[in-house]
Each structure stands twice: as structure tokens, then as C-alpha cells.
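The sequence and the model are shown first, and the description follows.

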Amino acid sequence: MGKCRYCGENAGFLRNKHKACEQKYIKGKSGIYNLVLQAIITSADYKDVNLQAERVASETFVGSKEVKDLYLTAFENAVEQFLDDGILSKAEEHQVAAFQEAFSFSQQELDRNGAFNRVIKASIIRDITEGNLPENPIQVEGALPFNLLKSESLVWLFQDVEFMEQTTRREFQGGHEGVSIRLSRGLYYRTGSFKGRPVHVQEMKYIDTGLMGITNKHVYFSSASKNFRVRLNRIMKTEPYEDGIGLQKDTANAKPQVYKGLDGWFAYNLIQNLMQL
């Protein structure tokens, strides 16, 4: 006789669960998830919510590890709802902080699927659109590879960014001019000469991989072979990509640049709004 994986009682021949127990388990998981999700969105009393969740878990065979996973899944979906309009209000940011404090989740746990990182980025964009630099600048371990000016604040640092720059190479294009003379069946003799012309082909060339820093004054890039900065007020054009951003300076003979391997939406909005400060 097999035992039920939920209640531990006999489940019958070649069976490992009671249908009623499984339905209770599924209902319990759904109940805990919805309970926590609504608590985050409505700023409910987390202590009371936790007691209710523990009671439901004990009555529906939901284990402690599963409860923790349900809490984190509820958090991730709450963040999705908060950012559905593209804006994170200060009240919503406080709700996120209250949830983290109430259950002592680490940033790493809350960011298992990138939700916590999205909250941080959204709060930075909100502050800048309101005309303010972030109250708590990001902290970087070790020394930065570029020297900031006294009036500068590092807003964000992207790592492992691929820097590419537009280059021009020269190649010849053309064709043969002349006529074909038939000598015999299947055999031709062509007269004339090759007429070619030089053509300049533009392409994006990979330069190096390094760090990209964005401050309230500049965009910095630093790698083993390339180090430079671009003033925000000298950027003529920005173009967001799914995994990067393109920049074009307004200086003469400036080459289009692409920074790949980062959150393009965030970088674009960050630069665009910092240019307005």
C-alpha cells in the first residue's frame, strides 16, 4: 500500500496521494500567495499576514520552503503591478522596504529574478525625473577606474559592457565589361576589362569590454585598452536597444558608439533625464 505524499496515510494500491489532499494542498498554496500579494499591495499588517499564512500552511500540507517561495513569488508579482504604469511611487517603494524588513529577506533573495533590481532602477528614474539625484548613491567596492569631478555623483555602474564604434573600411565593387564570342559548342571567349570603383562600407567594430559609469555629468567607459568620458551635454543622440544603448556625440567627425550588454531601457531613460538636470 502506498502512502499519501501529503498526509502520510495509506493512499491505496500503487497510489502516492489522496485526491482530496492534493486539492487541499493546491488551494493552500494559492491562498498563501494571494494573502501575501494583497498584503504587499495594500500595506497590510505583515505580522497578522504571517500568522494566517502559517496556519493555512499547517492545514494544507505546504512546507516551509514552499511558503518562502510563495512569499517571493508574491513579491515579484507585486513589483510587476507597481511598475505596470512605468512609475514607482514613493509609497510603493516604502511597501517594498516594509516587506523586506518584515520577513528579513536579503536583497539577493528578492532579486532572484531581477525584481529588486527593477525597484532600485525605477526609484532612481523617479527621483531624477523629479529633479533630484538619488538620495543614496550606489556604493562600489574598491576604487573606480575613472576619476570623478568634485561636482559629480555616480548614479549607476554597468559591468561587462561591450563597447563598439563605427568604422569605415574600403572595398572595391564593379564588374566585367565586354562581349562574349562563341568559339564552339559550350566554349566562350570574353573580351573586355574589369571596371571597379572604391566603396566605403560602414560597420560597428567591437573594441573592448569594460565598465560603463553614468554620473550627473558624464558617461564613462573604462577597459584594458580604452578609457574615456563623454559629457552629457555633448550627446546629440541616444538610441535604446533591448540589450544596450547607442550614443552619438555632437562633435565634428564623432563616430557613433554602441554599448552592449546592459539594460537599454534603463540606460536610455537615465541619460535622457540626467541631461535635463
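In this predicted model, F99 is a buried residue, with a relative accessibility of 0%.

**Aromatic pairs**

A pair of aromatic rings is described by the distance of the centres and the angle of the planes. Across the whole structure, a search finds 18 aromatic pairs. In the pair of Y46 and F99, the ring centres are 5.9 Å apart and the planes stand at 70 degrees, so the arrangement is edge-to-face; the cut-off for that class is an angle over 60 degrees. Y46 belongs to helix 2 (residues 46-59) and F99 to helix 4 (residues 90-103), so the pair ties together parts that lie 53 residues apart in sequence.

F103 and F105 form another aromatic pair, this one tilted, with 6.3 Å from centre to centre and 50 degrees between the planes. F103 and F105 are both buried. The two pairs are set out below.

| Pair | Centre distance | Plane angle | Arrangement |
|---|---|---|---|
| Y46 and F99 | 5.9 Å | 70 degrees | edge-to-face |
| F103 and F105 | 6.3 Å | 50 degrees | tilted |

The residues of these pairs belong to one aromatic cluster, which is formed by Y46, Y71, F75, F99, F103 and F105.

**Helix 6 and helix 7**

How do the axes of helix 6 and helix 7 cross, and at what angle? The axes of helix 6 (residues 115-129) and helix 7 (residues 264-274) come within 9 Å of each other and cross at roughly 20 degrees. Angles under 35 degrees count as roughly parallel, and helix 6 and helix 7 are therefore roughly parallel to each other. The crossing of helix 6 past helix 7 is left-handed.

On the side of helix 6, the contact is made by K121, I124, I125, I128 and T129, and on the side of helix 7 by F266, N269, L270, N273 and L274.

**The protein as a whole**

The protein contains 7 helices and 11 strands. Among contacts between residues at least 6 apart in sequence, 57% join residues at least 24 apart.

Conventions:
Residues are numbered from 1 along each chain as its sequence is written. This is a predicted model: local features need pLDDT of at least 70, side-chain atom pairs count only at pLDDT 80 or more; totals for chains, interfaces and linings use all residues. Side-chain values use heavy atoms; hydrogens and water are left out. Axes are lines fitted to C-alpha atoms, for helices over the stretch in contact, and angles run from 0 to 180 degrees between N-to-C directions. Helices (H or I, at least four residues) and strands (E, at least two) are DSSP runs, numbered from the N terminus. Angles under 35 degrees count as roughly parallel, over 145 as roughly antiparallel, 65 to 115 as roughly perpendicular and the rest as oblique. A crossing is left-handed if the near helix is turned anticlockwise from the far one by less than a right angle, and right-handed if clockwise. Contact means heavy atoms within 4.5 Å. Rings of Phe, Tyr and Trp (its six-membered ring) pair if their centres lie within 6.5 Å; planes under 30 degrees apart count as stacked, over 60 as edge-to-face and the rest as tilted. Buried means under 20% relative accessible area, exposed over 50%, partly exposed in between (1.4 Å probe, protein chains only).
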